[in-house]
Amino acid sequence: MKFKLHLAKILSPPLILVGGFLLIITIGTILLMMPFANQSGVHLPLIDALFTATSAACVTGLVVVDVGTTFNLFGQIVIMVLMQLGGLGFMTLATLFALVVGKRISLKDRLLLKEAINADSMEGIVRIIRKVLIFSFTIEGIAAVILALRWALEMPFGQAVYYGIFHSVSLFNNGGFDLFGNSFQYFTGDWLFNITASVLVVSGGLGFVVLNDLFEYRKKRRLSLQSKLVLSVSGSLIGIGALVLFIFEFTNPHTLASLTWDEKIYASFFQSVSTRSSGTSTIDITEMRQATQFFFILLMFIGASPGSTGGGIKTTTFLIMIGAVYAMIRGNRDIVFFRHRVPKELLMRALTIIMVSLIIFMIVVMLLLTTEDAPFLALMFEAASAIGTVGLSVGVTSELSDWGKIIISLTMFIGRIGPLTIAYALRPRKEKRLYRHPEGRIIIG
């Protein structure tokens with residue numbers, strides 16, 4: 001009995017989440033290495049299998065091998081399952097299984113679910129998960145049908161159905177994997193694909209709590225503060241990103257210059273949406289101007305929203321820091337959004353997430369500069385794509401050394417789990433202090 005209690009204390013929710021993702025990646029690596037997962041005559045080295053499994057489970061999309069020509073149907077399905085597990089979270093899907101077989105959801109499970117979707121309380125957590133699963137599979141299913149019907153015009157119907165399912169899962173979970181070999185550059189001017197894919201990416205990147213809020217809007221007729229902030233900042237970042245790309249790439253002959261006005265608008269909008277954490281593209285990212293690539297680094301570092309299928313420091317974290325700067329400049333005592341004051345604890349958490357992520361980002365860039373022979377901006381782009389679990393690349397991924405692959409794999413894992421979750425999982429248990437030190441004055445600025 002004492003051993004069980006001690007084990008329960010050791011296995012905190014963050015530690016279980018870290019261990020769960022490691023288990024998924026390990027199983028995925030083993031399966032992808034098997035000869036029956038690869039095309040005839042293809043042998044996948046361990047490091048490439050580990051990189052691919054990590055990229056799929058962490059819904060990043062960076063690849064060192066071409067998915068369509070390296071893996072057969074079984075291998076591709078393994079990648080698709082890894083993306084679904086990584087996007088919705090293994091605890092979310094485990095809850096689905098428990099609900100199907102009629103198993104009771106324990107308090108420990110509810111704590112894990114709260115941690116997995118970044119909910120602020122356990123109240124109604126199972127109900128939220130049930131609705132999110134229904135909403136997610138419905139969106140994926142509708143999108144799969146639309147894409148299958150679209151692609152049935154150009155390929156056999158069975159292949160079109162499979163492609164529709166694979167890519168709807170990839171896009172909704174912000175997985176970034178594709179079976180075309182050049183992402184979606186064949187569909188730059190295809191309005192149906194651009195709209196469908198953008199809806200999938202945005203839906204997956206909003207966060208499960210926001211999805212539930214939107215799902216219940218017709219009944220409640222109001223949105224929570226979380227939803228208002230997420231929708232506001234996500235829409236603003238997508239709009240700004242599209243405008244910046246349109247302006248800077250308008251005369252670039254390798255990206256937008258040769259496209260029609262409609263295609264320019266589609267491409268600008270889709271690429272901005274993609275930086276939320278999707279990692280797919282309809283234009284050649286490697287040919288973009290350096291100014292655009294650098295701006296994309298900033299967008300990728302911000303990433304998607306809390307409790308979503310995407311990574312990054314999260315949109316609300318970024319917004320809180322912008323709010324803090326604005327409050328300081330205006331001389332306001334509090335950070336206020338929609339007539340609600342942000343607690344100081346959230347500001348401290350946001351600052352911690354940004355600083356830890358920046359430190360990890362700088363360390364990764366320095367390590368890549370040591371192990372790889374590539375331009376500085378390209379390696380910076382790769383590091384931002386990995387830590388934001390985005391999956392966009394300027395052509396560096398396939399040229400990475402074994403050490404580079406290991407570094408990027410670890411970065412993708414940290415980016416998906418979240419630096420604070422890993423820190424909470426590894427830190428020793430510490431009793432709360434019953435005293436506070438006296439306040440000290442320090443000159444800054």
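Helix α15 passes α18 in a left-handed crossing, a crossing being left-handed if the near helix is turned anticlockwise from the far one by less than a right angle, and right-handed if clockwise. This is a predicted model, in which local features need pLDDT of at least 70 and side-chain atom pairs count only at pLDDT 80 or more, while totals for chains, interfaces and linings use all residues. Residues are numbered from 1 along each chain as its sequence is written, and side-chain values use heavy atoms, with hydrogens and water left out.

Back to the helix pair: α15 (residues 290-302) packs against α18 (residues 376-387) at an angle of about 25°, and their axes are 8 Å apart. That makes the two helices, α15 and α18, roughly parallel (angles under 35 degrees; over 145 is roughly antiparallel, 65 to 115 roughly perpendicular and the rest oblique). The axes are lines fitted to C-alpha atoms, for helices over the stretch in contact, with angles running from 0 to 180 degrees between N-to-C directions. Helices (H or I, at least four residues) and strands (E, at least two) are DSSP runs, numbered from the N terminus.

Val59, at about 40°, sits in the loop between α3 (46-57) and α4 (67-70). Val59 is buried, its relative accessible area being 0% (buried is under 20%, exposed over 50%, partly exposed in between, with a 1.4 Å probe and protein chains only). Phe338, at about 50°, belongs to the loop between β1 (336-337) and β2 (340-341) and is partly exposed at 44%.

Arg339 lies in that β1 to β2 loop too, and at 83% relative accessibility Arg339 counts as exposed. Arg339 and Leu225 are 114 residues apart in sequence, yet 9.5 Å apart in space, C-alpha to C-alpha. Over in helix α3 there's Phe51, which is buried at 0% relative accessibility. Between Phe51 and Asp402 there are 351 residues in sequence and 9.9 Å in space, again C-alpha to C-alpha.

A pocket here is an open set of points on a 1 Å grid over the protein atoms alone, with protein on both sides within 12 Å along at least five of seven lines; lining residues have an atom within 4 Å of a point. The lining of this pocket takes in 27 residues, with Val63, Gly181, Asn182, Ser183 and Ser393 nearest its centre. It splits into 9 nonpolar, 15 polar and 3 charged residues, with Gly counted as polar.

Key:
On a 1 Å grid over the protein atoms alone, a cavity is a set of points where a 1.4 Å probe fits but cannot get out, and a pocket is an open set with protein on both sides within 12 Å along at least five of seven lines; lining residues have an atom within 4 Å of a point.
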